[in-house]
Amino acid sequence: MLRFLLAVLMFWGTQASTQTYAGPKSLGPFRIDRDVSMNSLFEKLGHPPKVAGDTFCYQSREGHAYLVLTRMVAVYDGKIAGNVQLSDFRSCLDKPIQVTSDVLATWKTERGIGLGSSSEDIMKAYGKPSSVENIGTDYRAIIHGAPAHSERNPEVGTTVLGYKGASDDLNAAYFGIRDGKVAWISLSKNE
């Protein structure tokens, strides 16, 4: 059944070249429909020892969720958050990880999708994705600092459900699926 569903979604994904963005607008306090300051997220997550940089890595105190926060491209405004990635595995190898008291595993989209949600839940909430891809080695970048020559990491899952709009729309959401459940979510309004 899951294979049939993925085959249908892959067909739909190829038909969506001028699709309007239909994915989530928020994940926890991060939003793509309005600006969220890096400082407000630092207040919630904890201030990193150094704020000069573009990428910041957090781990929940209980160790079951990880968050990578990235600034908006400086050309636009480096004080604004541009991308957030939530995962159930360590996704930062090249940066120090800061433990946060915020319970990251409770971060959800505005329609209640979070880590552990099913792919069916995603499609009920946001409709058909604009793309469905097998992960292979294409999604190595999900683990920041992974060597370019590294092989596929099984933690990142097997399939990605993507929600993008027209080519001039920077909003994008990706859900990494492992064993039918969300293992990671990336939400971006960045280039």
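**Pocket, sheet and an aromatic pair**

Student: What volume does the second largest pocket have?
Tutor: This is a predicted model, where local features need pLDDT of at least 70, side-chain atom pairs count only at pLDDT 80 or more, and totals for chains, interfaces and linings use all residues. Residues are numbered from 1 along each chain as its sequence is written, and side-chain values use heavy atoms, without hydrogens and water. A pocket is an open set of points on a 1 Å grid over the protein atoms alone, where a 1.4 Å probe fits, with protein on both sides within 12 Å along at least five of seven lines. With volume taken as the space filled by probe spheres set on the points, joined across faces, edges and corners, the second largest pocket has about 250 Å³.

Student: Which element gives the most to the lining of that second largest pocket?
Tutor: Lining residues have an atom within 4 Å of a point, and there are 14 of them, with Pro48, Lys50, Thr55, Phe56 and Pro96 nearest the centre. Strands are DSSP runs (E, at least two residues), numbered from the N terminus. Two or more lining residues come from each of E3 and E6; the most, four residues, come from E3.

Student: In what order do the eight strands of the open sheet run?
Tutor: Two strands pair if DSSP finds at least two bridges between them. The pairing is mixed, and the edge strands, E6 (97–100) and E7 (131–134), each pair on one side only. The order is E6-E3-E4-E5-E10-E9-E8-E7.

Student: Which residue in E9 is the bridge partner of Tyr163?
Tutor: E8 (residues 159–164) and E9 (residues 172–178) are antiparallel, with six bridges. The partner of Tyr163 in E9 is Ala173.

Student: What kind of aromatic pair do Tyr126 and Tyr163 form?
Tutor: Rings of Phe, Tyr and Trp (its six-membered ring) pair if their centres lie within 6.5 Å; planes under 30 degrees apart are stacked, over 60 edge-to-face, and the rest tilted. Tyr126 in helix H3 and Tyr163 in strand E8 are 37 residues apart. Their centres lie 6.2 Å apart with 65° between the planes, so the pair is edge-to-face.
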